[in-house]
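The sequence and the structure come first.

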Amino acid sequence: MTYKHKVQYYETDKQGVTHHSNYIRIMEETRVDAMERMGFGYERMEEVGVFSPVMSVTCDYKRPTTFPDIIEVEISVAELSKLKTKFSYRMTCNDKVVCLGTSQHCFLDRNGRPVAIEDYFPEFYEWLLKLYNSNK
């Protein structure tokens, strides 16, 4: 699944390069967009009482980008269990890798207790499983 992000002028630093912190924001934009396109946006999850906070994030910067570059982001599921998932992000610009990243998320109920997403929200788990299996 691909997401496109146009680097905005305000996202660049004094040297005109995309500030490193924006890549984490782009990962979140990508994940939210993918979930919404598949019908499992955060609003829907939260309506049924499931929350998915970030547990960890990694970013491996390969090349700089600048305004107004278009960053294409491929999202996939790198790891999956009933209690958590790890998304993988491959960002390219002009067919060159600019950043590789991951974000790991757990699943909690309204009281902050871990939930087995497969039992609590099986449709979402099936979507995650398809993304996970498409990488093998």
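## Helices on the sheet

Helix α1 lies across β1, β2, β3, β4 and β5, and runs at about 120° to β2. Helix α4 also packs on the sheet; it touches β3 and β4, and its direction makes about 105° with that of β3. Contact means heavy atoms within 4.5 Å. Axes are lines fitted to C-alpha atoms, for helices over the stretch in contact, and angles run from 0 to 180 degrees between N-to-C directions. Helices (H or I, at least four residues) and strands (E, at least two) are DSSP runs, numbered from the N terminus.

The model is predicted: local features need pLDDT of at least 70, side-chain atom pairs count only at pLDDT 80 or more, and totals for chains, interfaces and linings use all residues. Residues are numbered from 1 along each chain as its sequence is written, and side-chain values use heavy atoms, with hydrogens and water left out.

## The sheet

The sheet is open and has 5 strands in the order β1-β3-β4-β5-β2, with antiparallel pairing. β1 (2-6) and β2 stand at the edges with a single partner strand each, so one side of each has no neighbour in the sheet. From one strand to the next, the twist averages 20°. Strands pair if DSSP finds at least two bridges between them.

β1 and β3 are joined by 5 bridges; Y3 has V73 in β3 as its bridge partner. β3 and β4 share 8 bridges and form a hairpin with 3 residues between them.

T85 lies in strand β4 and is the bridge partner of L80. T85 is buried (under 20% relative accessible area; exposed is over 50%, partly exposed in between; 1.4 Å probe, protein chains only), at 2%. A polar atom of the T85 side chain lies 3.0 Å from the backbone oxygen of E79. Beyond neighbours within four places in sequence, the contacts of T85 include S103, F107 and L128.

P53 sits in the loop between α2 and β2. P53 is partly exposed, at 33% relative accessible area. Its C-alpha atom is 8.5 Å from that of Q104, 51 residues apart along the chain. Leaving aside neighbours within four places in sequence, P53 is in contact with Q104, H105, C106 and L108.

## Core and aromatic rings

A nonpolar core is a set of buried Ala, Val, Leu, Ile, Met, Phe, Trp, Tyr and Cys residues joined through side-chain atoms within 4.5 Å. The largest one holds 31 residues; I71, M91, F107, F124, W127 and L128 touch the most other members. Elements that each supply at least two residues of this core include α1 (21-37), β4 (84-93) and α4 (122-133).

The whole structure has 8 aromatic pairs. Rings of Phe, Tyr and Trp (its six-membered ring) pair if their centres lie within 6.5 Å; planes under 30 degrees apart count as stacked, over 60 as edge-to-face and the rest as tilted. The ring centres of Y23 and Y61 are 5.5 Å apart with planes at 65°, so this pair is edge-to-face. Y23 belongs to α1 and Y61 to β2 (residues 54-61), so the pair ties together parts that are 38 residues apart in sequence. Y23 is buried at 3% relative accessible area, whereas Y61 is partly exposed at 37%. F40, F107, F121, F124 and W127 form one aromatic cluster.

Key. Polar contact = N/O pair within 3.5 Å; in protein donor to acceptor, adjacent residues only side chain to side chain.
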